[in-house]
Amino acid sequence: MRKPIIAGNWKLNGTIAEAQALIAELKALVRDSNNVDIVVCPPFTALSTVASAVTSSSIQLGAQDIFFRQKGAYTGQISGPMLLDCGCKYAIMGHSERRGRFGVPEPDLTEEILQVFGDNDKTVNLKLRAALFNGLTPICCVGEVLAERESGKTDAIVQAQVTGALDGVSADEAATIVFAYEPVWAIGTGKVCAADEADRVCGIIRATVAGLAGDTAAQAVRIQYGGSVKPDNAADLLGRPNIDGALVGGASLKASDFAAIVKAAE
Ligand code: PGA
């Protein structure tokens, strides 16, 4: 039996004071939810504060990204040891917004500017292995943009992203990973992927893991769906056999909504 995992990705939101208020409210609401792994991923600047706030609760801490070197002359980067030092247990990598693949691209994000969000399958693999090396559980995001879905490339894109992510990863390590299937067109758009289709693509992720790392790893791997998950669609998505949790953006910023999604997973 895979334990459900609900993770909140706060993205670029919140001062330290706002993070403190949000986590205090959330803590009270999910106090009795013991059958679900609950993870919050605040901005780096609020990690330490939120870590102190969750010490006496079952809420766990994750980072929104991780760099693949341990230390050195890499201005602006944050390493695995630094995340551990802040109390993190999880690290997200390969989020579409870090791959420069946006559901609703803002018009001023030109090709030149998009390079700052430069992740690709190679760097996602390096980040995933850095997380494993440091004992952090990876939450590795994969998913297609609208044009890829409309041209029938969804399955191939997701297979390629999972295959790239798992390069050089052992079967035992693969079993510990959390994948998040996030169709890019569903992120922050309010357009949720139909539960049957989300489950089908999560099944493709599981089959890809099976092909690369064997059945035991594939059965252990937890796969989240992400993209406009809200309290009113969570139960339908989370009731599907291949969906083991949710990666929640917008709705994780409202404690009552996030808590309702956690309850739906129980
Ligand atoms: P959303 O974001 O829930 O706001 O659509 C999901 C994500 O990007 O992880």
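This is a predicted model: local features need pLDDT of at least 70, side-chain atom pairs count only at pLDDT 80 or more; totals for chains, interfaces and linings use all residues.
Me: Is arginine 129 buried, exposed or partly exposed?

Reply: The general idea is a pair of cut-offs: buried is under 20% relative accessible area, exposed is over 50%, and partly exposed lies in between. Arginine 129 has 35% relative accessibility, so this residue counts as partly exposed.

Me: Which residues does arginine 129 contact, leaving aside its neighbours within four places in sequence?

Reply: Those are Asp167, Gly168 and Val169. Also, the C-alpha atoms of arginine 129 and phenylalanine 68 are 7.8 Å apart, although 61 residues separate the two along the chain.

Me: How should I read the buried residues of a helix, say helix 11?

Reply: Start with the general idea: an α-helix has 3.6 residues a turn, so residues three or four places apart point the same way. Now the case here: helix 11 spans residues 231–238, with Asn233, Ala234, Leu237 and Leu238 buried. Down the helix axis, these buried residues fall within an arc of 125 degrees, so they line one face of helix 11. They pack against several elements, among them strand 1, helix 9 and helix 12.

Me: And how are the strands of the barrel arranged?

Reply: Eight strands form a closed barrel in the order 1-2-3-4-5-6-7-8, with parallel pairing. From one strand to the next, the twist averages 25 degrees. As an example, strands 2 and 3 run parallel and are joined by 3 bridges, and valine 40 stands opposite leucine 61 in strand 3.

How values were computed. Residues are numbered from 1 along each chain as its sequence is written. Side-chain values use heavy atoms; hydrogens and water are left out. Buried means under 20% relative accessible area, exposed over 50%, partly exposed in between (1.4 Å probe, protein chains only). Helices (H or I, at least four residues) and strands (E, at least two) are DSSP runs, numbered from the N terminus. The arc is that of the directions from the helix axis to the C-beta atoms. Contact means heavy atoms within 4.5 Å. Two strands pair if DSSP finds at least two bridges between them. Axes are lines fitted to C-alpha atoms, for helices over the stretch in contact, and angles run from 0 to 180 degrees between N-to-C directions.
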